[in-house]
Amino acid sequence: MTYLLGIAAAVIALASVIELLRRRRLRERHAIWWILAATLALFAALFPASVAWIASVVGVGLPSNLVFFVSIVLLFLVNLQHSAELTDLEDKTRTLAEESALQKVRLERLEERIDPKRDLPDARP
């Protein structure tokens, strides 16, 4: 029963990622890590003896420890990718804000050249 639960969870995770990709709610570059994780989970659920064999080859005492370690590494890589993209977006946002401020100053100077009395208070009695 435990194996069936693992298989079902891996298939649901893989189907969810594919559905998010299909609906364009997840970009391909983000989906790669999740597809890799779901595929590894499906492989581990379908062939639990292979996980035990890999754990013994690597020198890990319990196969579940290997699964947790691989999961942590994958989550670290996803976090690292998102951090790098966040840094790029912050740089782009700062650049756009600076360009917008410069355009605003330029526009104000051009408007002042066209109508220098525009900002003066109205002199009507």
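**Figure 1. Val78 and its contacts with Trp33 and Trp34 in the predicted model.** Setting aside neighbours within four places in sequence, Val78 is in contact with Trp33 and Trp34, where contact means heavy atoms within 4.5 Å. Val78 has its place in helix α4; helices (H or I, at least four residues) and strands (E, at least two) are DSSP runs, numbered from the N terminus. With 7% relative accessibility, Val78 counts as buried. Buried stands for under 20% relative accessible area, exposed for over 50%, and partly exposed for values in between (1.4 Å probe, protein chains only). Along the chain, Val78 and Glu108 are 30 residues apart, and their C-alpha atoms are separated by 45 Å. This is a predicted model, in which local features need pLDDT of at least 70 and side-chain atom pairs count only at pLDDT 80 or more, while totals for chains, interfaces and linings use all residues. Residues are numbered from 1 along each chain as its sequence is written, and side-chain values use heavy atoms, with hydrogens and water left out.

**Figure 2. The side chains of His30 and Glu85, joined by a polar contact.** The polar contact between the side chains of His30 and Glu85 is 3.1 Å. A polar contact is a pair of N or O atoms within 3.5 Å; within protein, one must be able to donate a hydrogen and the other to accept it, and residues adjacent in sequence count only if both atoms are side-chain atoms. His30 is found in helix α2, residues 28-46, and Glu85 lies in helix α4, residues 63-114. His30 is buried, its relative accessible area being 13%; Glu85 is also buried, at 18%. Not counting residues up to four places away in sequence, His30 touches Gln81, His82 and Glu85.

**Figure 3. Arg24 in the loop between α1 and α2.** Arg24 is not a glycine, yet has a positive phi of about 60 degrees. Most residues other than glycine have a negative phi. Arg24 is exposed, with a relative accessible area of 71%.

**Figure 4. Ala9 in helix α1 and its separation from Ala45.** Helix α1, which holds Ala9, covers residues 2-22. Ala9 counts as partly exposed, at 45% relative accessibility. Between Ala9 and Ala45 there are 36 residues of sequence separation and 9.2 Å in space, C-alpha to C-alpha.

**Figure 5. Val67 in helix α4 and its separation from Ala55.** Val67 counts as partly exposed, with 37% relative accessibility. Val67 and Ala55 are 12 residues apart in sequence, and the C-alpha to C-alpha distance is 8.9 Å.

**Figure 6. The protein chain as the setting of the close-ups.** The protein chain has 4 helices and 0 strands, and from the N terminus on its elements run α-α-α-α. The radius of gyration of the protein chain is 28 Å, well over the 14 Å that the globule rule gives for 125 residues, so the chain is more spread out than a compact globule. The radius of gyration is taken over C-alpha atoms, and the globule rule is 2.2 Å times the number of residues to the power 0.38. Taken along the principal axes, the C-alpha atoms fill a box of roughly 90 × 30 × 25 Å. Of the 125 residues, 13% count as buried. Among contacts with a separation of 6 or more, 56% are between residues 24 or more positions apart. The protein chain exposes about 10,400 Å², of which carbon and sulfur atoms supply 66%; accessible areas come from the Shrake-Rupley method with a 1.4 Å probe, and for residues only the protein chains shown count as cover.
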